[in-house]
Amino acid sequence: MFTDLTDEEIVNLAVREDANAFGEIVRRWDRKIFALCFGMLGREDDARDAAQEAFIAAYRNLASFRGDARVSSWLHRIAVNQCLTMKRRQRSRAEDLIDDENGEEDRVFIAPLLNSPARRTEMKERMTLVRQAVTALPTDLRQVIVMKEFEEMTFQEISDTLELPLSTVKSRLYTALKQLRMKLERTPIEVV
Amino acid sequence: MEKESDKYICNHSDEIVAYIYGEISENDRRIFESHLGACTNCTDEFAIVSDARFSVFEWRKEEFAPLPTPEISIPFHASSVRPIGVFAAVAAMIRNAGSMAQVSASLLLISGAVLIAIAVVNSNRTSEIVRGQSELPPTVASPIQSDASTLIASDLKAVERSSADRAVKETLRNGGATGRSYVRKIAVRSSKAQTSGTPSTLMGKAPVLNSFEEKEDRSLRLADLLDEAGG
């Protein structure tokens, strides 16, 4: 019902008429916001919590969305702030990560189950796409991704191994990830 | 697609990847986090890079991590090679020794072999020295002689003089060559008797006479010859 609308239209709809429209926003951006939180926090479970908190915060602040920025940027900003808050909380009280089980009732929408057949199929298709996209990268870019992600080498170790300056290694990795993202974006995965 | 504004687009690509992979200093992290909360461009860039990075992370987790580590088998095994000689075998044993006990046993064997070799070499040297000493010509009257041989030589002189005196007295009593021959025989017999039990350097050889004894001996021989000639 909402698949043909842009993100901005959906948000406007959610603000004015139908709160459930925001569910489409969650479905579209769930994984990307989760990935952003993973990049900020480095742990899957923390990233999952942060992503849920970010969407809850976004829903509560729907009225403050002015439309002068893209919905994605708006969501990114909210997610980054949630992650920074979580990090500050973790630094000050290391053992006080509270499972907010009572918060389940306040959530209007529920994130898709990770182990649903649809998600598993989507995951399989995505893995195939990622494999093809990484293989299609130029050798010098692919090399850096493999050394960082599979061999878990530090930037300094990669720099020493490839005899490249440290800044060149970081620059190549940045370029590789951007190109990878472009390739993946060209082939969207449809969830049945 | 992303819309690029005309305004300055800050570039924190190095900080973005460093932050995502946790390889950023504490100070740089604080600065970057502060900037990230305020800069839409960097936030969007961070989201894009995080998304791509997470895709690779998932791929590794789903397809690579469950794969078992393949067993690498090398067709050539160093332990199956037979050592050529004793030393190579010992070296191979030490190389392959898996425990201190084995290493210690190897070292003990080597030490034992070395000690045996030294002992054999020493015994060979000793027997050579003994053989060398036995070949030396025996001397009696030389002033450099050892104390034992000097003592024996002087005894021999005394014996010969006393023998000669007896022989002269015998001759005076008996007369003739027989007495002289008898002197020589007495002298030799006495010297032999004196030399029994002497050091091995003097065994089995007739004593060498000094000049005085040589003169006396010559005079006795001359006397024998004259007697024989005279009948």
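Me: In chain A, what share of contacts between residues at least 6 apart in sequence join residues at least 24 apart?
Reply: Quick ground rules: this is a predicted model, where local features need pLDDT of at least 70, side-chain atom pairs count only at pLDDT 80 or more, and totals for chains, interfaces and linings use all residues. Residues are numbered from 1 along each chain as its sequence is written, chains are lettered from A and ligands numbered from 1 in the order written, and side-chain values use heavy atoms, leaving out hydrogens and water. Contact means heavy atoms within 4.5 Å. For chain A, the share is 59%.

Me: How many helices does chain A have?
Reply: Helices here are DSSP runs of H or I, at least four residues, and strands are E runs of at least two, numbered from the N terminus. Chain A has 0 strands, and its pattern along the sequence reads α-α-α-α-α-α-α-α. So by that DSSP definition, the helix count is 8.

Me: At what angle do H8(A) and H3(B) cross?
Reply: Axes are lines fitted to C-alpha atoms, for helices over the stretch in contact, with angles from 0 to 180 degrees between N-to-C directions. The axes of H8 (residues 166-186) of chain A and H3 (residues 40-64) of chain B come within 8 Å, crossing at roughly 80°.
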